[in-house]
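Visitor: Hi! Could you walk me through this protein in simple words?
Guide: Happy to. Let's look at it together.

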Amino acid sequence: MAYTKAELNAEFKSSLITAIRILTKYYLLDISIHDMYARLTMKVLLVFPYKIAKFEHRLHPVEPLGILSVATYIKQEMKDQDVDVRILDALFQGPATCTETELGFRVGMLDEEIVKYLRDFEPDLVGISNSYTFNTHEVLALAALIKTTLPDCKVILGGAHATIDHDNLIKDPNIDLVVRGEGEIIMKNVITAMQTGSDFSDVKGATYKNADGVQVNEDAPLIPDIDVLPIPDRTLVPYRDYLALTSKHYFQTKNSPVGTIFTSRGCPYKCIFCSTQKVWRNKWRPRSPEKMFEEVELLVNEYGVKEIAFQDDQLIGNKERIKEFCRLIIKSSINITFIAPPGISPALIDVETIDLMQQAGFYRLCFSVDVGTEKARKYVKKPVKLETIREMIKSANSRGLWTYGPFVIGFPFETVEDIKQTIKFAYSLKLDFVIFYIALPHMGSEFYDIYEEAGKINPDTLYDEHLIDEALFGTDHISPEDLEAIRNKAAKRYLFFHLLHFLNPVYVIQEFLPKIATRERFMYFLTLLPSLLPRRRAQKHKKPVYPEQAQDK
């Protein structure tokens, strides 16, 4: 009779525990069954790091869905292999206020709190989320703290930035391995290698160190059908505590609490300033409409969620998918509203899709406009005509949807006149809100490569946080100081130019009145009014007043 590996492990453990009982009974071994069982269990801790901020503002993040997905997958796939996986969100937990340090304002758990947790749990492996470049200083400090506390513990990094910067990060003496790309299967294989005493040479997608130096294994294949991944198990985190604070994370939601979900991975486009292509390889892989609906229904029924925020890089990679999802929502009569803060591409949406989204519960749309001139559109490789953008925004406005969108200025070729044309285009679209970003070269993007080849990247400030209104380089024709002044003036003047549209009765009747046509819509309009009023620019050490997309990106 053949036994599976899991069955053999279970048989071995059963026999071992029987032997421990006998030895303990006759006082031959001074150890409890609970303690011995704990020593047989592989302990895995996945950590979302704290943050050192420029401003004294206690962030209220949503649940860390990246490591939550990894933990859920490990829990499901290794349930018979004695793996205890836990999550520590060091940003969400910790003091209710910021802690001032020499480096800035610390948001989240303090070192002594983290050390206590590590000593209580004693993990064999700690995986740290390194999704953002600006959080890398904290990630490396956290890795050092872990190694100091538990020298034998394996420390692993994963996430978008870790994937892009793996060859530099692995040089840190406190990092044992870097996961490149999707973490679920790779982390499972890393744990299996540790359990069996193997090295990591067969783990695809791993960059690690051994006696011969740094080893970069071949890339792991992307998961072709992400429906095979389980819905994130939110019992692994204090989810209701997150829900209680979601109104402080998202910009002026219609309902609360707000649940956050990802329903796809990647983006098919190659915009010059975006780094997602280095992580997801220009492939867009969706969950099915049925799986989307299943997660929404779970959050509504189990946790009382009233609104869903989609955090996909590209929610509408396929119009038929989002339309079918909307039909499922409409048919179900679930009382829910939706937002998509990272934005949707105007190139991928049409009037029928907008109609169904509005009927299903979407009440505002962020259009990823980004450019305002044909020259910039070609430079950025934006796959949409400027007039198509105008048409889709008008369609959304006329259906009672609130609209907003980002615009990026400060590309190397741009003159003052080029940027004025972008600002003029932004003002003309009749968006309810706009966000003006100054172009930044994010690591992993083609834009970053251009600046690196020009010798403009400063390695000493590479991991520093830079805000949307900060110009690091200026353009070939505009100084950084002048670029910031142009950006700030454009942001401040938007309300004035937007109000001019109300002098046009056609706009008022066709594109504004639908937004306040019912009592419910009118009441939401009243909640938006404070956000429409001019605001002073946040000063140092004060909470930065940023639109929702700026926070979520």
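**A chat about the fold**

Guide: Let's begin with Asp82, which is buried, with a relative accessible area of 18%. Keep in mind that this is a predicted model.

Visitor: Why does 18% count as buried for Asp82?
Guide: Because buried means under 20% relative accessible area, and Asp82 has 18%.

Visitor: Where is Asp82?
Guide: Asp82 sits in the loop between helix H3 (65-77) and strand E3 (83-89). Its phi is positive, about 55°, although Asp82 is not a glycine.

Visitor: Which other residue has a positive phi near 65°?
Guide: That is Lys430, again a residue other than glycine. Lys430 is in the loop between H16 and strand E18 (433-438).

Visitor: Let's talk about H16, then. Which residues does H16 span, and at what angle does it pack with H18?
Guide: Helix H16 covers residues 416-428 and packs with helix H18 (residues 480-500) at an angle of about 25°, with the axes 11 Å apart. That angle makes H16 roughly parallel to H18, because angles under 35 degrees count that way.

Visitor: Is the crossing of H16 and H18 left-handed or right-handed?
Guide: The crossing is right-handed.

Visitor: Which residues of H16 and H18 meet?
Guide: From H16 there are Val416, Ile419, Ile423, Ala426 and Tyr427, and they meet Leu483, Ile486, Lys489, Ala490, Arg493, Tyr494 and Phe497 in H18. By class, the contact of H16 with H18 has 10 nonpolar, no polar and 2 charged residues.

Visitor: New topic! How do H11 and H12 cross?
Guide: Their axes come within 9 Å and cross at roughly 45°, and H11 and H12 are therefore oblique to each other. The crossing of H11 and H12 is right-handed.

Visitor: What makes the contact there?
Guide: H11 brings Pro289, Glu290, Met292, Phe293 and Val296, while H12 brings Arg321, Ile322, Glu324, Phe325, Leu328, Ile329 and Ser332. The contact of H11 with H12 divides into 8 nonpolar, 1 polar and 3 charged residues.

Visitor: Which residues of H12 are buried?
Guide: They are Arg321, Ile322, Lys323, Phe325, Cys326 and Ile329. The buried residues of H12 pack against several elements, including helix H11 (289-303), strand E14 (307-310) and helix H13 (351-360).

Visitor: What span should the 14 residues of H12 have?
Guide: At 1.5 Å a residue, helix H12 (residues 319-332) should span 20 Å, and its end C-alpha atoms are 20 Å apart, which agrees.

Visitor: Is Lys382 buried or exposed?
Guide: Lys382 is buried, with a relative accessible area of 8%. Lys382 lies in the loop between helix H14 (374-380) and helix H15 (386-398).

Visitor: What is Lys382 in contact with?
Guide: Leaving aside neighbours within four places in sequence, Lys382 is in contact with Cys271, Ser368, Val369, Asp370, Val371 and Arg377.

Visitor: Which residues does a cis peptide bond join?
Guide: The cis bond joins Ser256 and Pro257, with omega about 5°. Pro257 is in the loop between helix H9 (239-243) and strand E11 (258-261).

Visitor: Last one: how many helices and strands does the protein have?
Guide: There are 21 helices and 18 strands. Buried residues make up 54% of the 553 residues in the protein.

Technical notes
Residues are numbered from 1 along each chain as its sequence is written. This is a predicted model: local features need pLDDT of at least 70, side-chain atom pairs count only at pLDDT 80 or more; totals for chains, interfaces and linings use all residues. Side-chain values use heavy atoms; hydrogens and water are left out. Axes are lines fitted to C-alpha atoms, for helices over the stretch in contact, and angles run from 0 to 180 degrees between N-to-C directions. Helices (H or I, at least four residues) and strands (E, at least two) are DSSP runs, numbered from the N terminus. Angles under 35 degrees count as roughly parallel, over 145 as roughly antiparallel, 65 to 115 as roughly perpendicular and the rest as oblique. A crossing is left-handed if the near helix is turned anticlockwise from the far one by less than a right angle, and right-handed if clockwise. Contact means heavy atoms within 4.5 Å. Ala, Val, Leu, Ile, Met, Phe, Trp, Tyr, Cys and Pro count as nonpolar, Asp, Glu, Lys and Arg as charged, and the others, Gly among them, as polar. The expected span of a helix is 1.5 Å times one less than its number of residues. Buried means under 20% relative accessible area, exposed over 50%, partly exposed in between (1.4 Å probe, protein chains only).
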